[in-house]
Amino acid sequence: MGTDEAKADRLLVADIFRPCDEGKRIMGIRKSATRLTPTERDNFLRAVLVLKNTTANPGDPVAKRISIYDQFVAMHLGAINITFGGTIGLNMGHQNSAFCPWHRYYLYLFEKALQDVDPTVTLPYWDWTDHFGTQTILFQDNFLGPDGTGTVHGFNEKSVQSGYFAFNKPGSGGNPTALPAWWPAGLPGWRVRPSLAQGHIDPADPSTGNTLQRSLGSFANLANLSDVQTFLSLANYEGTSTANSFRRNIEAAAKTHNYHHGWVGGNMGDPHSSPNDLIFFLHHCNIDRLWAMWQVDGHPGAAFYPASGRPPGHNLNDPMWPWVGGAPGYSAPNLTSDIVLPDFTASPVIHPADALDHRARGYCYDTEAIVGIALDQTGSMSQMTPDPMVVAAPDVTKWEAAKRGVAALLHDCETAYAQREAYVVAGVETFRSQGTNVFTPVFAGVPYGVVKNGAGYSEAGFTSAIATQEPGGGTPIAGALLDTETTLVRAPLSGLPAHDTRFLLLLTDGMETAAPPLSSILPGQLADTVIFAMGFGTGADVNYSAMTDVVAKGKPAAPVTNQVYHGENAGEINKFFTNSVAHALGYSPVIDPVYEVFVGEHVDTPFLVTEADQSFMITVQGFDFSDDRWQCCLILPDGSSCSCDGACDESEGDGHDHAHAADGGTVSSHRHDDVLVTSNKKNGRITVFMNRNGEEPERWAGRWYVRVMYQMTTENMRMFMPSAFDRLIPAGAPRVRGSVFAQARLPVAKRVPMRLLAAQGGQSPFPVSGANEDRQGAGTVAVNVYARSTLHVGLVVEQEKLFAGREFKIALAARDLAGANVSAVSAIGRLVAPRVSTSHALQDQETLPPARKKRFVVKAEGETFFDEARFLGEYERKKPGAFAVRDELLQLTAAGRQKALTATVKSEAPGIHRMAFQVSGTVTYGSGEPQPFTRILNFEVPVGSGPDPAKAR
């Protein structure tokens, strides 16, 4: 027995099927197999191979010895044909109600076995809709192995002859795959036990084992997301017919369970032999994921499962073989005499009722996110937003701006739900101190739920419920963290599983002014919660280090994820909430420019799509928050267009008619060719989820555009063509030309867009795209594009304590989770940073003497605070150019042995240093052609005043 086998034997044989203490076992989040990192993939495969290499019953005669993996194959084979109580031919796990719960518990035991080998492993799922990933990642030598090759055998199938699941191990017997260092000692290869092969054999196979057989179908014929949407929308588990039954659809409808067994073919194509192919477990994991999503969406528990009227084993409280304890009367005629099953005599009896809650079994999926939002309701939120941006609408208070940000996040969650990309369980609470700390859930009753259009937990529901709340009181930041964690983050879904990664978003506009102090929460104390925090205001009233401290109380997000945000305008709020929910949904940034556009103009934002990109999340936010002024469409690589705010009729030639754009609050879905597009429009925000949905490569990969139109008609239409520099203005940055805060003191009609301003001394040296001749009112719009992709590109700051006068380094990180080659990477960026701290204006006793500063002290809701927005605007009016910003080019260059792309930035003053980088390169999958990619990434670094006041300016 090899070392791995002996170790696994000690770990597994005695206790693999023991009763489990659910409170102590950590299973984790099940992810799509095509988005595992190489390390996650290899750990999973090694655990599987150890199970195959570990004898479950070493004390039995040699002929009866069976591996732990093969015991799982045998359990499935036996369950297909059970005799019980005089009834023969009972199928315990198929063709009736127990299909979902039987396989859920079966997969749970398999995952538990894997984790006894390696506790870090979770069972991944095969997302049928990811055709490219299935072809280029899953069925490759370094994962599940390829299709069968060589001679065609009896069931029109062939033997797998390379990779980790060939008859001979890598590097031996003609298997050309390199042997990995982690290969279990003593495992000769992947051998199918003859009594479990069920006739799927190569005539040349030796009597000691059979080769794994496959006959893969066309990757283009796998299921699409539109196929999945059909049964997720059904209301009944069983129903009265296939048409209204979730279970019958997911098991036997077109392109679901049965279909994909047949698509793989070979062993997998035969229910009797299918678990011999590891893809079986990933396949059923996907079915369990979809059932879990259906359950979370209002179908939980026993009320949605038949209590009676089904065959034995399929009713709610029937025992499910083989987990029937010591109950007599069961036999499995399919199993030959050499098969020894685990002894479940002393184990608990398992019924469908015991498998209805997947989270109680210690796991969940990456398509069910839980988000808690803490919104500052303190008195200073009644101030006007310091930087109003250039919008054709009146300024609003910080409170109104913050509420709009939360509404936008819920709007995005509604759209994700409608597309069935993921389901978000969310709740919102406000926080303040009025003698005692007050935490007020916004949604009545249960304060959280699945966010979807038309339901109580929705954008409209939030807007209505919070309408009567007004700001006032102090700022209990630590209290808000703890209460939101308890009430909105950990409480949903019974707090299970215990170590589920969840998300907390906190927006506050100032310093903490109420107990308990942040220092009372230890770093990492909220160990399973990823925290995103935003300080809403300028350096004069936001403690930058406190926001970093807030984030440090939780779990770090994935590398290159921005978790700390600061700013004083609606653009930064938009970026904070949109980035945070995109991360929770598994999307990473692609491009995110902010434009000024004039009436009648349209502007195109380009983004490159590779075959590795399965879906996109796109948001367009007009900062006048008006539905009737903004329209949006997508321009495909072939030049055709697809509406994002109205009906898309490809027969019209151009694809749609914006004269009939949808009203606000409308969620619509359609297919453009095969691409599945779901859009949602309200309050000047258009959110789009775009899924490849099986589209052909030539119509998917290439250059796409998001086209945004501002009050455009056939009579006034003009094109605004921004330069590359325009797209590199960082989101949330202050104006790089003209006044920054004095804008807030001007009527909307008198505000001058940056595109009409010439550069003055000390201001931006970069050219600004000019305006068309007819320069009617300007509006500001942010376009954000995110991808769900194996390609991850981001920026990392290599300095922990940042003070004015010090240098910090920015490094580019680019990798492909599937191990593709990322090359020819280059990056150029733009820095927008303060030249002087806003606190300098507060210290200035000459421009606005102390007596005049008293005018900015305001009382509201019984609280006294300093109206910073009015003060800074008046100060800048008195002293033009006081807040001029640095606006500089940044070039990332290769350095060090690794030739990593880095740039060094010297800070001049405290405040937020914002950067935007355009990153270009190629990604190559296997032997395919290099595919170009481009990302425009925003990043911000808070710089404190530091210990040397002379450097703080």
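1. Where does Thr367 lie? Thr367 sits in the loop between strand S7 (363-365) and strand S8 (368-376). Helices (H or I, at least four residues) and strands (E, at least two) are DSSP runs, numbered from the N terminus. Thr367 has a relative accessible area of 3%, so it is buried. Here buried means under 20% relative accessible area, exposed over 50%, and partly exposed in between (1.4 Å probe, protein chains only). Neighbours within four places in sequence aside, Thr367 is in contact with Tyr125, Arg289, Met293, Glu421, Ala422 and Tyr423. Contact means heavy atoms within 4.5 Å.

2. A word on the basis. This is a predicted model, in which local features need pLDDT of at least 70, side-chain atom pairs count only at pLDDT 80 or more, and totals for chains, interfaces and linings use all residues. Residues are numbered from 1 along each chain as its sequence is written, and side-chain values use heavy atoms, with hydrogens and water left out.

3. Now the cores. A nonpolar core is a set of buried Ala, Val, Leu, Ile, Met, Phe, Trp, Tyr and Cys residues joined through side-chain atoms within 4.5 Å. The largest one has 109 residues, and Phe44, Phe110, Leu278, Phe281 and Trp323 touch the most other members. Not counting residues up to four places away in sequence, Phe44 touches Leu114, Val121, Thr122, Leu123, Pro124, Phe143, Leu278 and Leu282. A second, separate core of 44 residues includes Ile373, Leu375, Val451 and Ile466. In soluble globular proteins, nonpolar side chains tend to be buried together.

4. Aromatic pairs come next. The whole structure holds 47 of them. Rings of Phe, Tyr and Trp (its six-membered ring) pair if their centres lie within 6.5 Å; planes under 30 degrees apart count as stacked, over 60 as edge-to-face and the rest as tilted. Trp102 and Tyr106 are stacked, at 4.9 Å centre to centre and 25° between the planes. Both lie in helix H4 (residues 99-117), four residues apart, about one turn of the helix. Trp102 is buried at 0% relative accessibility. Tyr106 is buried, also at 0%.

5. Tyr164 and Trp183 make a tilted pair, because their ring centres are 6.1 Å apart and their planes stand at 55°. Tyr164 and Trp183 are both in the loop between strand S4 (158-159) and helix H6 (194-197), 19 residues apart. Tyr164 is buried at 7% relative accessibility, and Trp183 is buried at 8%. Ring pairs also build a cluster, with Trp102, Tyr106, Phe110, Phe281 and Trp323 among its members.

6. Grid points are joined across faces, edges and corners, and a volume is the space filled by probe spheres set on the points. There are four cavities of 30 Å³ or more.

7. Last, helix H20 (residues 868-878). Eight of its eleven residues are buried, so H20 is largely enclosed by the rest of the structure. Among these buried residues are Glu868, Phe871, Leu872 and Tyr875. Their cover includes helix H11 (398-419), helix H18 (839-843), helix H19 (850-853) and strand S33 (863-866).

Note on methods
On a 1 Å grid over the protein atoms alone, a cavity is a set of points where a 1.4 Å probe fits but cannot get out, and a pocket is an open set with protein on both sides within 12 Å along at least five of seven lines; lining residues have an atom within 4 Å of a point.
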